[in-house]
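Let's take a friendly walk through a protein structure together. Have a look at it first, and then we will visit a few places one by one.

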Amino acid sequence: MDPPWIDGPQWLDPDSPKETPVSDQLTITELRIKNIGRIQALTIRPDGSPLVKIQGRNRSGKTSTLRAVAALLGGKPEFLDAPLRRGERDGEIVGTLGDAVGKTHYTIRRTWTEEGKEGFYFTDA
């Protein structure tokens, strides 16, 4: 069964004539990362613009941030062998998905422990 924001198989077809109403388009409204990759703690709250600039010095966590977003949204984390920040016992990625009018629809949470346990939690608002 397709998730509620996907209306049938045409979502895979970029040439589909159907347009999704703005209120049905979901974006990440908040991203929190703790002890993942090179990141000790990071919170991003986009201001509504379609682009978020991630910048910093070498080895400061830019790539870890992008990999965390991919892992959060269901992709296989590229850092799966060692997702935790060196020396930490646990870590997590939490993303809140909302619409253009600011309503929260879903929260996704992925967790890892030093014992190798993983968690994936998906809740609706």
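**A walk from strand to surface**

Thr96 sits in strand 3, which covers residues 90–98; strands here are DSSP runs of E with at least two residues, helices are runs of H or I with at least four, and both are numbered from the N terminus. This is a predicted model, in which local features need pLDDT of at least 70 and side-chain atom pairs count only at pLDDT 80 or more, while totals for chains, interfaces and linings use all residues. Residues are numbered from 1 along each chain as its sequence is written, and side-chain values use heavy atoms, with hydrogens and water left out.

With a relative accessible area of 14%, Thr96 is buried (buried means under 20%, exposed over 50%, partly exposed in between, with a 1.4 Å probe and protein chains only). Leaving aside residues up to four places away in sequence, the contacts of Thr96 include Thr27, Glu30 and Tyr106, where contact means heavy atoms within 4.5 Å.

Tyr106 leads us to the aromatic rings. How many aromatic pairs does a search of the whole structure find? The search finds one. The ring centres of Tyr106 and Phe122 are 5.1 Å apart and their planes are at 25 degrees, so the pair is stacked (rings of Phe, Tyr and Trp, using its six-membered ring, pair if their centres lie within 6.5 Å; planes under 30 degrees apart are stacked, over 60 edge-to-face, the rest tilted). Because Tyr106 lies in strand 4 and Phe122 in strand 5, the pair ties together parts that are 16 residues apart in sequence. Tyr106 is buried at 11% relative accessibility, whereas Phe122 is partly exposed at 42%.

Finally, find Leu66 in helix 1, residues 62–72. Leu66 is exposed, at 55% relative accessible area.
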